[in-house]
Amino acid sequence: MLLSARAVQGLGGALVFPTTLALVNVTFPEGRARNRALGVWGGAGAAGLVLGVLLGGVLTRAFGWPAVFLINAPLAAAALLLAFPLLPADARRAEGRSFDLLGALSATGGITLLVFALVKGPKVGWASPVVLGTASAGLALLAALVVIERRAADPLVPPGLLRNRNVVAAVGLAAMFAATFGSVLYFLSIYFQDVRGYDSLRTGLAFLVPTAVVVTGSTVAGQVVTRFGLRRTLVAALVVGAAGAAALGLAMTGDSSYAALLPGLVALSIGDGVVFTAMFIAAATGVSDREQGIASGLASTGSGIGAALGLAVLVLVAQHGIRAAVLTVAAGIVLTMLVAGALRPAPAEPRSPILMRPC
C-alpha cells in the first residue's frame with residue numbers, strides 16, 4: 001500500500017514539477033528576466049527542502065513517521081486553492097494537436113522496467129529471470145517507442161527539440177546531477193543516524209546549514225549565469241561541488257566532528273544550488289513557448305532516471321563504506337563537467353543604445 005500510494009504521489013509530482021518550470025519559462029523572456037525568475041523558482045524549491053528536513057524531524061518525533069506523508073495533504077490543498085486566483089486561465093489549445101498515448105505508454109513502461117531491473121540486479125543477481133525478463137521487456141518497449149515516434153503525426157518529443165544541443169545537454173546534466181548531488185542526501189542521512197547516532201530531529205538540524213547554502217546558491221545562480229554565461233557558471237559550480245564532495249568523503253569517519261564536515265558540506269551545497277538552477281536555464285534556452293513544457297518534462301525525466309540509476313550504483317559502492325560512495329559522487333561530478341562543456345553559449349542580450357552628447 002505504501003509503495004502504491006507513493007507511486008500515485010510520484011505521478012502528481014511528475015505533472016507539477018515540469019509544469020511550474022514551464023510556467024516560469026513562458027512568462028518571462030529568455031535572458032536576464034528569465035534567469036532571475038528561475039533563480040527565485042530554484043530558491044523556493046530549495047527553501048522547501050530546508051523546511052521539509054526540519055519539519056520531518058519534528059513530525060517524526062512528535063507523531064511518528066506517517067506524519068511526514070500526511071503533511072503533504074494540507075499543503076497540496078492550499079496550493080490547489082491558490083492556483084485558481086493566481087494562475088491565468090489556459091489559452092485555447094492549438095488546432096490539430098493530439099496526445100501521443102502509445103508513445104507515452106511505451107516510454108514510461110520501458111524506462112520503468114529498465115530502472116526496476118537495474119535496482120533489483122544487485123540484490124537478486126543480474127542473471128536472475130526477473131532481472132533479465134524486465135530488462136528485455138524494457139528494451140523492447142523503448143525500441144517500439146522509436147518506431148511509434150517516427151510514425152506519429154504529433155510525436156511525444158518533436159524531432160527539432162532533440163536537435164537543440166542545450167536541451168540534450170540539460171537532460172544529461174539533470175541525470176548526472178540527480179545521480180551525484182541528489183544521492184548525497186541519502187548517504188548523509190545514514191551517516192548521521194547509523195554512524196553518528198543522531199535522532200531524527202538532530203539529523204534535520206544537521207542539514208540546516210547545507211540546505212541554507214543550497215537556497216542561496218539556487219537563488220543567485222540566475223544572476224550569475226546572466227553575468228558570466230551558462231557554461232562558465234556550470235563548470236565553476238561543478239568544480240566547487242566536486243571539491244566539496246571529495247572533502248566531505250575524506251572527513252566522514254566514525255569519530256569526526258560535525259565541524260570537520262562543514263567545509264565539504266558548504267562547498268558541495270554551493271555547487272548543488274547553482275547547478276540546479278543553471279541546468280534548468282539550459283533546458284529552456286532556444287526553446288519556443290509551445291515546446292517549453294516538453295523541454296521541462298525531458299529534463300525532469302532525466303532527473304528521475306539519474307536518481308534511480310545513480311542510487312543503485314552508489315548503494316553497491318557503499319558496501320565498501322559510505323566514504324567510498326561519497327568519493328564516487330565526487331568523481332561523478334567531475335564527469336558531469338564533460339556534459340556541461342557541450343552547452344552552447346546563449347546569444348548575448350542586446351544592449352541599450354548609448355546616447356552621445358555633442359561636445
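The model is predicted. The protein has 14 helices and zero strands, and its radius of gyration of 22 Å agrees with the value near 21 Å that a compact globule of 359 residues would have.

**Overall build**

- Reading from the N terminus, the elements go α-α-α-α-α-α-α-α-α-α-α-α-α-α.
- Along the principal axes, the C-alpha atoms take up a box of roughly 70 × 65 × 45 Å.
- Buried residues come to 36% of the 359 in the protein.

**Helix α6 and its cover**

- Helix α6 covers residues 129-151, which is 23 residues. Its first and last C-alpha atoms are 33 Å apart, close to the 33 Å expected at 1.5 Å a residue.
- The buried residues in α6 are Val131, Thr134, Gly138, Leu145 and Glu149. An α-helix has 3.6 residues a turn, so residues three or four places apart point the same way.
- Helix α5 (101-124) is included in what covers those buried residues of α6.
- Thr134 belongs to α6 and has a relative accessible area of 14%; that is under the 20% cut-off, so Thr134 counts as buried.
- Leaving out residues up to four places away in sequence, Thr134 touches Leu113, Phe116 and Ala117.
- Over in helix α5 sits Ala104, which is buried at 16% relative accessibility.
- Ala104 and Glu149 are 45 residues apart along the chain, and their C-alpha atoms are separated by 9.9 Å.
- Not counting residues up to four places away in sequence, Ala104 is in touch with Phe99 and Leu156.

**Salt bridges**

- Side chains of opposite charge can pair when their charged atoms come close. Here the count is two salt bridges.
- One of them joins the side chains of Glu30 and Arg34, at 3.9 Å from N to O.
- In that pair, Glu30 is partly exposed at 36% relative accessibility, whereas Arg34 is buried at 5%.
- Another pairs Arg61 with Asp199, with 2.3 Å between the closest N and O atoms. This pair links distant parts of the chain, 138 residues apart: Arg61 is in helix α2 (residues 32-63), and Asp199 is in the loop between α8 (165-195) and α9 (200-206).
- Arg61 has a relative accessible area of 53%, which is over the 50% cut-off, so Arg61 counts as exposed. Asp199 is partly exposed, with 33%.

- Leu23, Leu82, Leu86 and Leu87 make a nonpolar surface patch of about 380 Å².
- Leu87 lies in the loop between α4 (72-86) and α5.
- The relative accessible area of Leu87 is 43%, between the 20% and 50% cut-offs, so Leu87 counts as partly exposed.

Note on methods
Residues are numbered from 1 along each chain as its sequence is written. This is a predicted model: local features need pLDDT of at least 70, side-chain atom pairs count only at pLDDT 80 or more; totals for chains, interfaces and linings use all residues. Side-chain values use heavy atoms; hydrogens and water are left out. Helices (H or I, at least four residues) and strands (E, at least two) are DSSP runs, numbered from the N terminus. The expected span of a helix is 1.5 Å times one less than its number of residues. Buried means under 20% relative accessible area, exposed over 50%, partly exposed in between (1.4 Å probe, protein chains only). Contact means heavy atoms within 4.5 Å. Patches are made of residues with over 30% relative accessible area and no salt bridge: like charges are joined within 9 Å, nonpolar side chains (Val, Leu, Ile, Met, Phe, Trp, Tyr) within 5 Å. Accessible areas come from the Shrake-Rupley method with a 1.4 Å probe; for residues, only the protein chains shown count as cover. A salt bridge is a side-chain nitrogen of Lys or Arg within 4 Å of a carboxyl oxygen of Asp or Glu. The radius of gyration is taken over C-alpha atoms; the globule rule is 2.2 Å times the number of residues to the power 0.38.
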